[in-house]
Amino acid sequence: MNQEYTLSVFSEDHIGILNQITIILTRRQINIDSITASESAVKGVHLITIVVRTTPEMVQKVVRQMEKVIDVLKVFAHTSEEIVYQEIALFKVSTKVMMSGTITDQVVRYHNGRLVEVTPEYMVIEKTGHKDEIIELLHFLEKHGILQFVRSGRVAITRQVKELNTYLKEMDSATRSKIPESTIYN
Amino acid sequence: MKENNNKNHNGNGQGEISGAEAVINILIAEGVDTIFGYPGGAIMPIYDNLMNVEDKITHVLTRHEQGAAHAAQGYAMVTGKPGVCLATSGPGATNLVTGIANAYLDSVPVVFITAQVVSTLIGTDAFQETDIIGVSMPVTKWNCQVKSADEIPEALSKAFYIATTGRPGPVLIDITKDAQIQKLNFIYSKCDYIRSYNPHIPLHMKEIESAAILINHASRPMIIAGHGVLISHAEEELLKFAEKTGIPVALTLLGLSAFPSSHRLYAGYLGMHGNYAPNVLTNQADLLIAIGMRFDDRVTGNLKKYAPDASVIHIDIDAAEINKNVRVDVAINNDAKEALYNLIPLVNQNSYEKWIREFRIYDKTEFDTVIKKDIKPESGEIKMGEVVKMISDLTKGDAVIVTDVGQNQMVTARYYRFSEPNTLVTSGGLGTMGFGLPASVGARLGSHKKNVITFLGDGGFQMTIQELGTIMQYNIGVKIVILNNSYLGMVRQWQDMFFSKRYASTEMVNPDFVAIAAAYRIPAKKVSERADLESSIKEMLATDGPYLLEVTVEKETNVMPMVQPGASVSEIKLTH
Ligand SMILES: Cc1ncc(C[n+]2csc(CCOP(=O)(O)OP(=O)(O)O)c2C)c(N)n1
Ligand SMILES: [Mg+2]
């Protein structure tokens with residue numbers, strides 16, 4: 001059964017890493033719903049957040065293939081319940097249309113939108129929330145005409161208590177505690 | 001070497017030695033004494049410096065970059081050391097791609113060094129610029145572009161470390177021409193740590209104990225071992241483990257030579273054209289112990305009908321292989337040698353005489369219906385099987401065997417009796433025609449064995465036939481056996497079996513191979529009569545230096561048994 005997963009890929013900040021991660025998904029014909037890349041709370045560690053829909057078995061396979069990429073530190077796959085997440089959308093609409101009736105009121109009061117720029121010609125509305133709330137606002141505004149619309153990728157914070165830093169420390173000590181194998185090539 | 005600490009190098013392009021010289025110094029520091037490659041504009045500084053160390057590093061100029069890549073892999077497979085391969089930018093680099101992909105699928109450590117156009121020209125579609133980093137990304141374990149000389153030591157030290165540790169594989173370092181010319185203050189230390197990459201996985205005794213319980217309770221267990229056993233040098237542990245538990249051992253194509261084929265517990269070769277007994281009995285086993293193998297589709301046949309009654313223990317160093325194709329009951333994500341070493345004390349001394357007898361019954365059926373006709377035909381044209389069998393008998397397994405791809409490869413895998421580890425060099429995962437001849441160049445240079453023998457099809461030979469020039473130039477003493485059926489035999493077999501015998505573009509009009517060998521001053525002979533076969537093989541084996549033996553074999557014959565596409569391993573057919 002397909003399910004929505006948020007993949008958090010922590011990696012070294014290396015050119016090309018995004019490519020290495022996405023080819024793993026494209027080879028398996030997994031569509032990327034959204035993708036965001038940024039720095040993480042740990043200095044020098046890069047975070048890519050990817051939303052995909054796939055099966056629990058497949059998500060495990062791709063997570064392990066992503067962790068196999070040399071510059072990847074750790075990959076987490078979370079279902080929506082395990083994370084706090086948000087997306088942001090911007091709408092550009094005509095000011096004239098917005099000022100007729102109660103449209104602006106509804107955008108602000110009912111949909112929790114925020115006006116970030118207002119000019120005599122157009123307004124820019126910002127909406128932060130889950131995808132379905134954003135889509136709801138999109139449908140509402142569509143009826144009145146939208147000049148531009150853009151929605152960001154998901155940003156997510158995990159509910160788990162063990163933080164990346166702890167994993168990094170564990171990985172570090174595991175690597176250092178062992179004398180390099182002489183048995184494997186060389 | 002730690003990451004992010006290369007600031008002790010001089011970044012302003014001033015210093016003692018050039019980037020190119022640093023590359024050479026690093027190769028020497030990494031213990032490299034043989035490399036394969038092909039020069040061109042962008043890599044000339046490195047070649048120029050190679051000339052200064054001719055006493056320390058032998059460079060073999062192949063006739064095509066693909067040949068250099070395969071030769072480096074052949075060298076790595078017999079020596080256990082990383083192969084090293086050089087090529088220039090653009091077409092030089094792209095010509096490597098088949099060889100890189102081949103090494104990737106077969107987990108062979110090869111360090112590819114390509115040159116790149118001057119850093120200021122990158123991205124401009126400059127002359128002989130290709131984005132080889134992008135091109136090689138899906139087929140390398142790791143790759144990296146170097147645009148200034150001071151990055152060379154760190155990049156190359158990581159390259160050798162990554163290629164040779166964990167599950168080995170090819171890596172590629174792309175060095176711009178200006179980085180080769182720039183100066184740096186040279187400091188080099190071997191890499192033994194990368195934060196994001198830990199090849200030394202801690203052993204979990206809990207899994208080992210669970211595995212031992214399954215093993216001690218099994219009544220029809222079978223070991224299926226692959227290339228990982230050879231890579232981790234676990235042959236002795238495998239032998240001890242099998243002898244203590246009494247469990248039969250079947251091998252994958254790349255696992256051949258990991259267990260002596262003369263051993264009473266040897267159950268045969270697995271897969272599409274493997275032996276009858278291990279394929280059929282996979283589906284009667286109650287426990288599969290998979291060691292350093294990856295359940296490739298050529299081994300499992302139809303996955304839905306694979307080993308329905310068996311619990312599965314999977315020992316593999318690559319976590320991504322676990323539960324990838326076959327769901328396993330106990331996963332031991334570790335090096336095969338270490339896992340087996342810890343497992344042996346926990347398993348009971350045992351024997352499975354009744355179970356082993358079942359293998360022998362299937363063996364006899366296979367012998368009577370297939371093998372006898374293949375290796376001891378009374379009449380008719382020469383068969384590939386009898387050539388391989390005769391060479392196996394005459395060398396007593398004491399040779400390195402290289403193959404190309406197709407019927408010649410499958411017949412060699414079936415009838416050569418391997419007795420020592422790392423004595424087979426073949427292209428498994430990618431199935432690359434043209435692999436055999438250049439790989440044998442590397443194998444010959446890497447091996448101390450008296451004989452390195454390569455079995456080639458008439459088709460595959462002509463894909464890299466130009467490497468005869470390399471063999472001539474360096475007097476590389478490989479014995480080349482062309483099993484000439486004047487067909488792309490394996491494809492013709494599929495046309496025969498699955499496309500109503502419509503032989504679309506598989507018949508070959510071939511040149512006079514003996515005359516071609518003569519042009520390269522390589523002694524050669526053609527055999528078409530059974531009566532001349534043995535003496536010709538003996539003559540070949542007794543010849544010092546290279547030799548080419550062309551054997552005219554039966555044109556239209558199929559390699560059997562066969563697990564047909566979509567069929568289960570137990571539905572393996574002996575005849576068709
Ligand atoms: C580079 C490449 N191209 C195509 C194939 C598909 N293929 C597999 S076996 C084969 C026929 C090989 O013919 P030959 O080398 O004469 O060997 P034979 O099977 O006759 O022993 C072909 C074309 C391949 N494996 N590799
Ligand atoms: Mg042929």
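Student: Ground rules before we start?
Tutor: The model is predicted, so local features need pLDDT of at least 70, side-chain atom pairs count only at pLDDT 80 or more, and totals for chains, interfaces and linings use all residues. Residues are numbered from 1 along each chain as its sequence is written, chains are lettered from A and ligands numbered from 1 in the order in which they are written, and side-chain values use heavy atoms, with hydrogens and water left out.

Student: OK, what domains does chain B have?
Tutor: Domain 1 (4-184), domain 2 (205-358) and domain 3 (381-553). The bounds come from an automatic or database domain assignment.

Student: Where do domain 1 and domain 2 of chain B sit relative to each other?
Tutor: Their centres, taken over C-alpha atoms, are 37 Å apart. Eight residues of domain 1 of chain B and seven residues of domain 2 of chain B make the contact. Contact means heavy atoms within 4.5 Å.

Student: How much area do they bury?
Tutor: About 620 Å², with 63% of it on carbon and sulfur atoms. That is the accessible area (1.4 Å probe) that two parts lose on being put together, summed over both.

Student: How many salt bridges between these two domains?
Tutor: Two. Asp318(B) forms a salt bridge with Arg167(B), with the closest N and O atoms 2.9 Å apart. The rule wants a side-chain nitrogen of Lys or Arg within 4 Å of a carboxyl oxygen of Asp or Glu.

Student: Switching to the metal. What coordinates the magnesium ion (ligand 2)?
Tutor: Asp458(B) through OD, Asn485(B) through OD1 and Tyr487(B) through O, at 2.1 Å. Donors are N, O and S atoms within 2.8 Å of the metal (3.2 Å for Na, K and Ca); water is not among the atoms, so sites may look incomplete.

Student: What spacing do those donors follow along the chain?
Tutor: D-x26-N-x1-Y.

Student: Are Asn485(B) and Tyr487(B) buried or exposed?
Tutor: Both are buried. Buried means under 20% relative accessible area, exposed over 50%, partly exposed in between (1.4 Å probe, protein chains only).

Student: Now chain A. How is chain A divided?
Tutor: Into domain 1 (3-82) and domain 2 (84-151). The centres of these chain A domains are 30 Å apart over C-alpha atoms.

Student: And what about the area between chain A and chain B?
Tutor: About 3100 Å² is buried, and carbon and sulfur atoms give 54% of it. Chain A puts in 31 residues and chain B 39 residues.

Student: Which side chains meet in a salt bridge there?
Tutor: Glu12(A) and Arg195(B) do, at 2.9 Å, N to O. The count between chain A and chain B is two salt bridges.
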